[in-house]
Each structure stands twice: as structure tokens, then as C-alpha cells.
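Let's take a walk through this model, starting with the whole chain and then moving in towards a few spots worth a look on screen.

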Amino acid sequence: MEQNPITKAIRTHIPRTNEMEHSSPLFLTSSFCFDNAEEMRATFAGETDDNIYSRFSNPNVQEFIDKICILEGAEDGFATASGMSAVFASFMALLKKGDHLLSCNSIFGSTHTVISKYLPNYGIEYTYVPADKPEEWEAAIRPNTKMIYIETPTNPGLDIIDLAVVGQLAKKHSLILNVDNCFATPLGQRPIDFGAHLVVHSATKWIDGQGRVLGGIVVGEKELIKEIYAFCRSTGPAMSPFNAWVLSKSTDTLDVRMERHSANALHIAKALENHAKIAFLKYPFLPSHPQYAIAKKQMKNGGGIVCFELKGGLQSGRNFLDSLKILTLTANLGDTKSIASHPASTTHAKLTEQERQQVNITPGLIRISVGLEYAADILADIEQALESC
Ligand SMILES: Cc1ncc(COP(=O)(O)O)c(C=O)c1O
């Protein structure tokens with residue numbers, strides 16, 4: 001019987017050393033040794049898979065990559081120091097001067113900065129297309145378009161993009177489909193099953209899940225990862241072995257954690273949906289979400305993020321954050337501890353007011369990263385803070 005990917009990932013392990021350890025040890029070493037000159041020559045020539053130097057590969061990093069590849073259904077991967085270095089490497093390794101990138105307009109703030117500020121310095125053009133209107137995307141494809149980049153669910157607006165529709169579009173025009181799967185995690189959705197060629201993650205978020213380390217990973221087709229590996233091997237955004245050790249172990253609990261995060265988030269979303277102080281609330285698995293049918297089709301659970309717009313706008317948003325007693329105000333998401341944030345003044349502050357409006361980041365938008373505390377306690381804290389709005 002074919003094992004479930006969750007079982008396979010949990011049982012994935014660096015080959016045991018002579019100590020016969022059960023839990024993978026930590027290989028904190030910058031470089032690796034060779035018995036003789038011929039072995040060293042052959043490894044440098046790519047004739048063996050042996051490790052050379054931890055900027056290129058490391059057993060702990062490889063264990064983490066292997067687990068995420070299994071969970072995402074990917075052929076190969078490369079792990080990086082942060083989610084942004086994974087996103088950046090996926091662009092720089094595969095796009096060149098004169099190429100055109102099609103990206104959904106609703107993306108993480110730093111990704112927007114990379115696309116709109118830095119890629120043009122290298123002669124790479126881009127067009128933003130509305131995340132909620134994939135039917136308009138085909139018209140934006142040019143002869144030099146090389147890649148489609150999307151986030152689904154988007155950060156922070158929780159728009160859901162139909163992966164099957166975009167997968168078909170990429171196939172029809174022979175484009176690379178690159179999906180940031182940070183919000184859903186591989187346990188919430190598998191973009192490769194819908195035609196994605198690459199999947200990027202900020203492992204800093206749900207994969208770590210405890211707010212400890214930074215990390216990123218890009219997985220996908222072997223030939224594409226080969227290019228990304230070559231770029232990263234020379235430019236150096238490698239994941240630290242310690243972070244890989246932490247992230248590999250947290251990957252083992254990702255499925256059960258995401259189930260509880262999602263159950264808590266759904267409970268809170270349902271309870272707050274019609275609250276008098278809230279203008280609208282979005283959660284992928286609420287029937288009121290505009291793309292609920294798509295979310296149900298491609299996601300296993302709704303994820304741990306809930307967002308809502310306060311009727312009182314900016315000042316209400318500030319009052320809300322200042323009145324919270326349990327939820328933390330911090331830049332991260334995907335932690336055991338619930339977190340509240342105000343995207344307009346933080347993660348998406350570098351966008352212009354008009355750009356924020358285009359991606360539905362309104363002044364009173366609050367994003368809640370729902371933690372693993374008891375759901376009733378999280379809800380009670382949000383409800384008492386709403387009284388001040
Ligand atoms: C959707 C998404 N992609 C990428 C990133 C960047 O990840 P990192 O902070 O690990 O560089 C983030 C961070 O919040 C994110 O939310």
C-alpha cells in the first residue's frame with residue numbers, strides 16, 4: 001500500500017550515524033571532508049551527491065527539503081535563509097533581461113517591492129493582474145511573458161485564486177507558474193496538483209509555527225530547481241543547518257497544528273461575521289467569502305488567518321489593537337500565539353494609498369493570525385477589544 005505523504009515525511013530521516021540516534025542530529029559544519037583527491041575532484045565535478053560546503057548543501061537542510069518535497073508532491077527543492085530569499089531566487093534564476101512577469105496584484109509587501117523596484121533594474125518587466133479576476137489575465141500575456149506569480153490565499157486580503165484556471169493558462173502559453181503557498185501550507189493545498197511548476201514558502205510562518213526561526217524554500221520541477229540551485233550556490237542565501245533542524249522537526253507536526261489553527265479560525269470567523277462593529281469579515285471557509293466555492297475545491301482547510309474591516313476605519317483599528325489583552329501586536333504570523341496586525345500601517349505601508357485600495361487593504365483592515373490557544377479565549381479577547389471601537 002502506498003503510504004500517505006504525511007507518513008512518508010514524518011519517517012524521512014538523515015541516514016543514521018554510528019550512534020544510532022532516533023532523532024536527527026544537528027550537523028553544524030561549514031564544510032565536509034574527503035578521503036582523497038579523487039573523491040574531492042569527483043564531487044566538485046558533480047559526479048557524486050556528497051556534501052561539499054553548507055552554502056551548497058547540508059544534511060539537515062536536505063532533510064527539510066525532502067519533507068517539503070514529499071508534502072508538496074515536488075521533484076526537488078532548495079531551502080533558503082528566509083521566505084523572501086526563496087521568492088527572489090525563483091525570479092532571478094529563471095527570468096532575464098527582456099522577460100516579462102505576470103503577477104497577481106495582491107501580494108506580500110516585500111514581494112511587491114522586489115517586483116516593482118528591483119526587477120526593472122535588471123530589465124525584467126512586470127504587469128499586475130487583479131487577483132479576483134483571472135479571466136482578465138490572458139489579455140495581459142505578452143510574447144516575452146515567462147512566468148506567472150501568484151499568492152493564494154493572498155496576504156492579507158485572503159483572496160482565493162483558482163489554481164486550476166491559472167494552471168491551464170500557464171500550460172496553454174508555456175509559462176512557469178510560481179505559487180507562494182505560505183498561507184495555506186502544503187497541508188492546506190498542493191498547487192503542483194493543479195499545474196504549478198514551482199511553489200515557494202516562507203517557512204518562518206506556519207511551517208515553523210512557533211515564531212522561532214526564519215526560513216524559506218522553493219520546490220518544484222527538477223529542471224527549474226537546478227537553475228535555482230545554481231543561482232543560490234553562487235549567491236549564498238543558504239538556510240542555516242540549525243534553522244533547518246528546527247523546521248524539519250516542526251514539519252512533522254504541521255498537519256495536526258493546521259487542523260487546530262483552522263478549526264479555531266473557523267470558530268472565530270463564524271462568531272464575528274455579523275458583529276455590529278465589523279463592516280465585513282473574510283475567511284476562506286465561510287460561505288460568505290466571495291471565492292468560497294474555489295476555496296472548498298482546492299483547499300483542505302481554511303487556514304489560520306481571519307481578516308476583517310472595522311466600521312470605524314483607521315482610529316477604530318488603533319483602538320482595537322490597543323485594547324487587546326491576549327493577542328500580540330507583532331510582525332509575524334503563523335504562531336502558536338494569536339497575533340493581530342494592521343497591514344496598512346505595517347507590512348503594506350510601502351504601497352501607495354491607491355495601490356492599497358486596489359488590493360483591498362482598507363484603513364481599518366485587521367488581520368488575525370489565529371493561534372493554538374483555546375478558541376473561546378481568543379474570541380473573548382477580540383470581542384472585548386471590539387467594544388472600544
Ligand atoms: C505570503 C508571504 N510570502 C513571503 C513572505 C516572506 O517571508 P520571510 O519573512 O520568511 O522572508 C511572507 C512574510 O510574511 C509572506 O506572508
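## Overall build

What radius of gyration does the chain have, and what would a compact globule with 389 residues have? This is a predicted model, and its chain comes out at 21 Å. A compact globule with 389 residues would sit near 21 Å, so the two agree. Along the principal axes, the C-alpha trace spans about 75 × 55 × 40 Å.

If you're colouring by secondary structure, expect 13 helices and 12 strands. Of the 389 residues, 49% are buried. Take the contacts between residues at least 6 apart in sequence: 74% of them join residues at least 24 apart.

The chain splits into domain 1 (5-251) and domain 2 (254-386). Their C-alpha centres are 26 Å apart. Where they meet, 30 residues of domain 1 are in contact with 34 residues of domain 2.

On the domain 1 side of that meeting, α5 (109-118) and α8 (241-251) each put in at least two residues. The largest share, three residues, is from α5. By class, the domain 1 side has 12 nonpolar, 14 polar and four charged residues.

The largest nonpolar core holds 105 residues, and Val218 and Val306 touch the most other members.

Which residues does valine 306 touch, leaving aside neighbours within four places in sequence? The list runs Ala265, Ile268, Ala269, Leu281, Tyr283, Ile368 and Val370.

## Around the ligand

There are 14 residues around the ligand, and Ser82, Gly83, Met84, Ser202 and Thr204 come nearest. Sorted by class, the shell has five nonpolar, seven polar and two charged residues. Helix α4 (residues 83-92) supplies the largest share of the shell, with three residues.

## Helix α4, inside the fold

Is α4 enclosed or open to the outside? Count its residues: 10 of the 10 are buried, so α4 is largely enclosed by the rest of the structure. Those buried residues include Gly83 and Met84, the pair already met among the residues that come nearest to the ligand. Further along α4, Phe88 and Phe91 are also buried, and so is Met92.

What does α4 pack against? Its buried residues meet the strands β1 (76-80), β5 (176-180), β6 (198-202) and β7 (216-220). They also pack against the helices α5 and α7 (222-235). So that's α5 turning up again: this helix gives three residues to the side of domain 1 that touches domain 2.

## A buried glycine in a loop

Now jump to glycine 302, in the loop between α10 (292-298) and β9 (305-310). Why does glycine 302 count as buried? Because 27 C-beta neighbours lie inside 10 Å, and the cut-off for buried is 20 or more.

Leaving out residues up to four places away in sequence, glycine 302 touches Ser262, Ala265, Leu266, Tyr283, Pro284, Phe285 and Ala295. One more pairing to find on screen: glycine 188 is 114 residues from glycine 302 in sequence, but their C-alpha atoms are 7.4 Å apart in space.

Definitions and conventions:
Residues numbered from 1 in each chain as written. Predicted model: local features only at pLDDT ≥ 70, side-chain atom pairs only at ≥ 80, totals over all residues. Near = placed C-beta within 6 Å. Helix = DSSP H or I, 4+ residues; strand = E, 2+ residues; numbered from the N terminus. Nonpolar A, V, L, I, M, F, W, Y, C, P; charged D, E, K, R; others polar. Rg over C-alpha atoms; globule rule 2.2 N^0.38 Å. Buried ≥ 20, exposed ≤ 12 C-beta atoms within 10 Å, placed from the backbone. Contact = placed C-beta atoms within 7 Å. Core = buried A, V, L, I, M, F, W, Y, C linked by C-beta atoms within 7 Å. Domains from an automatic or database assignment.
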